Amino acid sequence: MDDRKLNPLRLLIAAGILMYFGWLAIRPTQETPVQQSQTTLAPPRPIAPACPGTIEQVGIGTYEVRLRITGSANTILVYTDLGTVTASTTEAGSAGEYRVRTPGPATAVQLDNCPPLNLR
């Protein structure tokens, strides 16, 4: 094919590419409706978790934590500097008295999804 016949086609393709990038540079930025509604509404309040169980008494040893709990709970989370220990209440004790072995001194205790109790 003759190179002179392809010049108008090349010019048309180059002009189309330049127009596309020019349009991208000058187009207005649009906020999505979700972004607009979030900026006009008040921030959502965190929902306080329902805590059916409460910790009455805590006994802290070097390698264990003893708890007295009123109400009901499924899991006990014990936070230590060496990691978190999760214990089931059915295996850790009964009748409101529970004992959880830990790899080191406990720093906090938590029942289910309730806020943790800081022990330091």
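In which sense do β2 and strand β6 (residues 97–101) pair, and over how many bridges? The two strands pair in the antiparallel sense over 5 bridges. The model is a predicted one, in which local features need pLDDT of at least 70 and side-chain atom pairs count only at pLDDT 80 or more, whereas totals for chains, interfaces and linings use all residues. Residues are numbered from 1 along each chain as its sequence is written, and side-chain values use heavy atoms, with hydrogens and water left out. Strands (E, at least two residues) are DSSP runs, numbered from the N terminus, and two of them pair if DSSP finds at least two bridges between them.

The pairing of β2 with β6 belongs to an open sheet of 4 strands, arranged in the order β1-β2-β6-β5 with antiparallel pairing. At the edges of this sheet stand β1 and β5 (93–94), each of which pairs on one side only. Strand β1 (residues 53–60) runs antiparallel to strand β2 (residues 64–71), and 7 bridges join the two. Together β1 and β2 form a hairpin, with 3 residues between them. Within this pair, Val58 has Leu67 of β2 as its bridge partner, and Gln57 stands opposite Arg68 in β2. Arg68 also has a bridge partner in β6, namely Glu97.

The side chains of Arg68 and Glu97 meet as well, in a salt bridge with an N to O distance of 2.8 Å. Arg68 lies in strand β2 and Glu97 in strand β6, so this pair ties together parts that are 29 residues apart in sequence. A salt bridge is here a side-chain nitrogen of Lys or Arg within 4 Å of a carboxyl oxygen of Asp or Glu; by this rule the count comes to 4. Relative accessible area was classed as buried (under 20%), exposed (over 50%) or partly exposed (in between), with a 1.4 Å probe and protein chains only. Arg68 is partly exposed, at 33%, and Glu97 is likewise partly exposed, at 42%.

A salt bridge also joins the side chains of Arg99 and Glu64, at 3.0 Å from N to O. Because Arg99 lies in strand β6 and Glu64 in strand β2, the pair ties together parts that are 35 residues apart in sequence. Glu64 counts as buried, with a relative accessibility of 16%, while Arg99 counts as partly exposed, at 39%. These two residues belong to a network of salt bridges that links Glu64, Arg66 and Arg99.

Another open sheet of 4 strands has the order β4-β3-β7-β8, again with antiparallel pairing. Strand β7 (residues 106–111) and β8 run antiparallel and are joined by 2 bridges; in β8, Leu117 is the bridge partner of Val109.

A further salt bridge is formed by Asp81 and Arg120, whose closest N and O atoms are 2.7 Å apart. Asp81 lies in the loop between β3 (75–80) and β4 (83–88), and Arg120 in the segment after β8 (117–118), so the pair ties together parts that are 39 residues apart in sequence. Asp81 is exposed, with a relative accessible area of 60%, and Arg120 also counts as exposed, at 66%.
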